Every structure is written in structure tokens, then in C-alpha cells.
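Please take a moment to look over the sequence and the 3D structure shown here before reading on.

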Amino acid sequence: MCLVDLAKATGLSVVSLRLAEQNRTSLTPTNLRIIASVLGVSVAYLGCFESLSEDTLGQRIEKQGYIMVIHRVSSQDFWV
């Protein structure tokens, strides 16, 4: 799926998606849930949380914080 198709399917602008793709802006948890639904993946997959390092306590706390933010959006969508 190209960026234009994803924009049409999600209702988000191509510019917003491109900036998020380039890590120049962040998406809201709601928008992440919409994108995940359209792509047929979990929000956790989009966030690549499993690839975050857990070598130190600080890294583990940071990773858990990301997971908790997404988890508050919808626990059902988080583990799709």
C-alpha cells in the first residue's frame, strides 16, 4: 500500500503520514490505532516495541511507558 492509499483509507493527510514516517512528527494513539487497523497489524507492531532495548532499568521503564500509553487507547487493539 502506498502512502496516498494509506491516507485515503485512514482519513489522515499524506503530509502527516510522510512527516511521521520521517520521524519529524508523532502520531496520536488514536491515529496509530486507525493505521494499524487499516494495515491489519497491531499497534505494538507499528511501535516496534519488541525491538527496544531493556539493558537498564531506565530503558525498561521507558519501554513500559510507551506500551502503557498505547494500551490505554484500547487493550483489545493492542494485542491484535
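Helices, which need at least four residues, and strands, which need at least two, are runs taken from DSSP and numbered from the N terminus. Counted in this way, the protein, which is seen here as a predicted model, has six helices and zero strands. If you follow the chain from the N terminus on, the elements run α-α-α-α-α-α. Of the 80 residues in the protein, buried residues make up 22%, where buried means under 20% relative accessible area.

The crossing of α1 and α2 is right-handed.

The helix α1 also packs with α3, which covers residues 29-39, and here the angle is about 115 degrees, with the axes 10 Å apart. The helices α1 and α3 are therefore roughly perpendicular to each other, and α1 passes α3 in a crossing that is right-handed.

Between α2 and α3 there is a loop, and N23 lies in it. What is the phi of N23, a residue that is not a glycine? The phi of N23 is positive, at about 60 degrees. To see why this deserves a remark, recall that most residues other than glycine have a negative phi. N23 also counts as exposed, because its relative accessibility is 66% and the cut-off for exposed is over 50%.

Since its relative accessibility is 65%, M1 counts as exposed. On the surface, M1 forms a nonpolar patch together with V38 and L39, and the accessible area of these residues together is about 280 Å².

How values were computed. Residues numbered from 1 in each chain as written. Predicted model: local features only at pLDDT ≥ 70, side-chain atom pairs only at ≥ 80, totals over all residues. Heavy atoms only, no water. Patch = residues over 30% accessible without salt bridge, like charges linked within 9 Å, V, L, I, M, F, W, Y side chains within 5 Å. Areas by Shrake-Rupley, 256 points an atom, 1.4 Å probe, with all protein chains shown as cover. Salt bridge = Lys/Arg side-chain N within 4 Å of Asp/Glu carboxyl O. Buried < 20%, exposed > 50% of the residue type's maximum accessible area, 1.4 Å probe, protein only. Left-handed = near helix turned anticlockwise from the far one by under 90°. Axes fitted to C-alpha atoms, helices over the stretch in contact; angles between N-to-C directions. Parallel < 35°, antiparallel > 145°, perpendicular 65-115°, else oblique.
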